[in-house]
Amino acid sequence: MPSLVEIFDRKPKLKYVFTGGKGGVGKTISAAGIAYHYASQGYKTLIASLNPVHSLTSLFRQDLRGGQIKPIEGVENLYAVEVEIDDVVERYKQNIAKRLKEFLKWADIPIDPKPFIDIATTNPAFQESAMFDKMMDIVLEEGKNFDKIVFDTAAVANAVRLIGLSKIYGLWLQRMIKSREEALSLRVKLSFRKEKVMEEIKKDPLMADLLEMNEKFTKVRRILLNEDETAFFFVTLPLSLPIAVVKRFIRMVSAYDIPIGGVIVNQIIPRSVAEATASEYVRNQFVEQLHYMEIIIRDLGDMVVSYIPMYPREVVGVEMIKRVAEDMMGYKPDFLPELLEKLGRAST
Ligand SMILES: Nc1ncnc2c1ncn2[C@@H]1O[C@H](COP(=O)(O)OP(=O)(O)O)[C@@H](O)[C@H]1O
Ligand SMILES: [Mg+2]
C-alpha cells in the first residue's frame, strides 16, 4: 500500500485532484487537506468548489463567496473559489440561446427559438453540463496560473460519466462536423464556386461551435485521462454504505480509464480512544469499525493511501485543516498492524 506522500512524490506533475464519495464522508475536508499540503510545500494551489451548496466558506471560516478566486488568509500559496452555479447556468443558457438563434437565422428557418431554448435548458442534466463546462474552463484557464488544482465536487460521478462520455461525444462531434461540411458544400455548390465552400463553412455558427467544443473536449480529455497529471481519490468511512459507493465508483472510473489516486479512509476511531472511553457507544462503534476495516483491507487494501482519525469536533478553520493535511500524510491507525497480520498481509 503506497501512502499519499509516496504517490505525490512519485507523481511530481500531478496537477488536477478530485475527491469523490458518498455525501458527508469527508470529500471537502480531504480536498482541503490535500490543497493545504500542496500549498505548504510551496505550490501555488487552488481549491475549487463546484457544488450547488458550497462549504468552503464555513470550512475555512472565511468569506469565499462571490465566484472569484480569493487567497486564503493564513495559508501562503492557497487560493479558493466557490463557483456560483446560478451565474454559470445563466451564462450557459444565454450562450446556447444565442447559438440557437444565430443558427436558425443563418439556416433561414423562421421559427421562434424560445421553446427549443426552454427544452434544452430546463433539462435536469443541464446544471451538470454547465458545471462540467465550468470545470473544463478551470482546467484549461486556471491550469496556466496554478501548480495544483483540487476540485471539491459532489458530482464526481457526473464528472466521471462526462469524461467517459466525452470520447463518444468526440466521435459524435466529428460525425456532426463531417455531415455539416457535406451539407454546407451542397448548399454552397448551388450558388458559389468551389473555393467559396471553405469560406462559407467558416461562417457557419453551428460549425464553429462544433469545432470549438470538440477542441475543448479533446484537450480536457487528454489532461484528465493522463495519470501523471490527474488523480481521483475516493473517500470512505469504515461503514457499509460508503464502502459500497466507493467500490461502485472504482468500477466506473476504471471502465473509463480515468486515473485513480487511491482510497482515503476517514473518521477512524483509534483503539487507544476506544479503550480509554467510558462510552459504550464508542466502544461498540470501534468493534463495528474493525469489521468494516477488514472489508476495506480485503477488497480495497492496495488502494488505501491515507487514513484520517475521528476528531473530537467538526473540521473548521485553518488550524484544523492543517491537522487534517498532516494526518492525511502520516497518520496510521494503531490497530492496523494486527489487522494486516490477521489478514495475512505485510504491513508497511
Ligand atoms: N475525521 C473527522 N472528524 C470529525 N469531523 C469530521 C471528520 N471528517 C468529516 N467531519 C465533519 O463531517 C462533516 C462532513 O464532512 P465533509 O468534508 O463536508 O463531507 P462531504 O464533502 O463528503 O459531504 C463536516 O461537518 C466535517 O467537519
Ligand atoms: Mg462537500
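This is a predicted model: local features need pLDDT of at least 70, side-chain atom pairs count only at pLDDT 80 or more; totals for chains, interfaces and linings use all residues.
A polar contact is a pair of N or O atoms within 3.5 Å; within protein, one must be able to donate a hydrogen and the other to accept it, and residues adjacent in sequence count only if both atoms are side-chain atoms. Residues are numbered from 1 along each chain as its sequence is written, and side-chain values use heavy atoms, with hydrogens and water left out.

**Contacts of ligand 1**
- An oxygen atom of ligand 1 is 2.8 Å from a polar backbone atom of Val-315.
- For Val-25, the distance from a polar backbone atom to an oxygen atom of ligand 1 is 3.3 Å.

**Shell around ligand 1**
- Ligand 1 is surrounded by 15 residues (a heavy atom within 4 Å), and Gly-24, Lys-27, Thr-28, Asn-266 and Val-315 are the closest.
- Helix 2 gives three residues, the largest share of this shell (helices are DSSP runs of H or I, at least four residues; strands are runs of E, at least two; both are numbered from the N terminus).

**Aromatic pairs**
- The structure holds nine aromatic pairs (rings of Phe, Tyr and Trp, its six-membered ring, with centres within 6.5 Å; planes under 30 degrees apart count as stacked, over 60 as edge-to-face and the rest as tilted).
- Phe-18 and Phe-151 form a stacked pair, 4.8 Å centre to centre with 15° between the planes.
- Phe-18 lies in strand 1 (residues 16–20) and Phe-151 in strand 5 (residues 148–152), so the pair ties together parts 133 residues apart in sequence.

Methods
Chains are lettered from A and ligands numbered from 1 in the order in which they are written.
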